[in-house]
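Subject: Handover of a structure and notes on what was found

Dear colleague,

Please find below the structure that I am handing over to you. My notes follow directly after it.

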Amino acid sequence: MIIPNLWATELEYRRTVLKAVLIVIIIAGSIFVVNNWFSGFQVYAMVELAVVFLCIGILAIHKRTTNLTLWCCIFLFAVFTVILIGIYSASFNSGLFTWLFIIPVLSYLLLGIRLGTIYTSVYMVAGIAILTYALIYDIADIYPITIANILLCLVAIWALSYSYEYKRAEAVERLQQMASLDPLTGLNNRLLLDSIFEMLCQSLSDEQASVSMLLLDLDHFKKINDEFGHDVGDKLLVGVSTIISDMRRRNDWAFRFGGEEFCMLIPNTSLQQAENIAERLRLAIDKITVIDGCPLNITISIGVARWPDDGSHLPLVYKAADERLYKAKAQGRNQVVSS
């Protein structure tokens, strides 16, 4: 799914969470470094110090990095591994095992459902295994009921973290769809045009690459609404969008801009091919004669432009297509204009 610029801020959510977590780990880690150093655990203190420096480095680049997920994975790997080493090395009475409880929370907040589940599964199983090992071999004063309580708490926190992230991601996806799809016709709306046009241009980098834009506008649509009502007008728009969807190829993109105006982006076509597609659309829409028993005389005007022939950027291509659309209107409507 192409994400419109409106929802590009989804990454900013993770950047904000990462920043807060990094600051907490830097402060807590610094305290542990000092404490462990003077408690005689110099090696472990040096490992913790390395994690603190890693966190400082990630904090310095987290706002501008394009590989946010990678750095989140590296950060969590370092922190969780140090937690496991600490649990294995320290006595049970130190309470270091309580840091296991942050594993599912941080994993889902920073990595989402799929990667978060992987990280949580690996490190929670490893943590419980270490505690069970200490119980079996009587390395620490641990009772079975203690392990059971820790396990139940971890599972509960895991379930809550998973549920929160699942519902949050679901809500974001639903909002993305609401923001990017036209509710009446189900076509993409104008918010997605920039993102999809840019994606097409970047994916077609050879010299023969092209993207044709068709701007379609129903002729005298207001008269239909005035004469037969908006219900018939809406059904006509749905019918036109169905024709557009049925005729487009798998790699073509269709949009409704609002009102009676539609748009298509058609990659890898010559001007003649784009004209032929536009003409077939015009003829198909011309065949709509009755909706809800109301006799209709529907025609459509179409303006055709191409990237990069008519401009290197979307505004230039759109302007060319729009000018040709209005030229089609001025020349009597119900026609295709491509130059």
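Is Arg333 buried, partly exposed or exposed? At 31% relative accessibility, Arg333 counts as partly exposed, where buried means under 20% relative accessible area, exposed over 50%, and partly exposed in between (1.4 Å probe, protein chains only).

Please note that this is a predicted model, in which local features need pLDDT of at least 70 and side-chain atom pairs count only at pLDDT 80 or more, while totals for chains, interfaces and linings use all residues. Residues are numbered from 1 along each chain as its sequence is written, and side-chain values use heavy atoms, with hydrogens and water left out.

Backbone

Arg333 sits in the loop between H10 and strand S7 (336-337); helices (H or I, at least four residues) and strands (E, at least two) are DSSP runs, numbered from the N terminus. Its phi is near 65°, a positive value in a residue other than glycine. His220 also has a positive phi, of about 55°, although it is not a glycine. This residue belongs to the loop between strand S1 (211-218) and helix H7 (221-228) and is partly exposed, with a relative accessible area of 41%. A cis peptide bond, with omega about 5°, joins Trp307 and Pro308. Pro308 is placed in the loop between strand S6 (300-307) and helix H10 (314-330). As background, most residues other than glycine have a negative phi, and most peptide bonds are trans.

Lys329 lies in helix H10 and is buried, its relative accessible area being 14%. Its side chain is joined to that of Asp217 by a polar contact of 2.7 Å (a pair of N or O atoms within 3.5 Å; within protein, one must be able to donate a hydrogen and the other to accept it, and residues adjacent in sequence count only if both atoms are side-chain atoms). Leaving aside neighbours within four places in sequence, Lys329 is in contact (heavy atoms within 4.5 Å) with Asp217, Leu218, Asp219 and Ser301.

Asp182 is found in the loop between helix H5 (144-180) and helix H6 (193-203). Asp182 is buried as well, with a relative accessible area of 11%. The side chains of Asp182 and Arg256 make a polar contact of 3.2 Å. Not counting residues up to four places away in sequence, Asp182 touches Leu187, Asn188, Asn189 and Arg256.

Cysteines

There are 0 disulfides in the structure, a disulfide being a pair of cysteine sulfur atoms within 2.5 Å. The closest cysteine sulfur to that of Cys55 is in Cys72, 11 Å away, which is too far for a bond. Cys201 is in no disulfide either, as the nearest cysteine sulfur, that of Cys263, is 12 Å away. Cys55 counts as buried at 0% relative accessibility, and Cys201 is buried with a relative accessible area of 14%.

Kind regards
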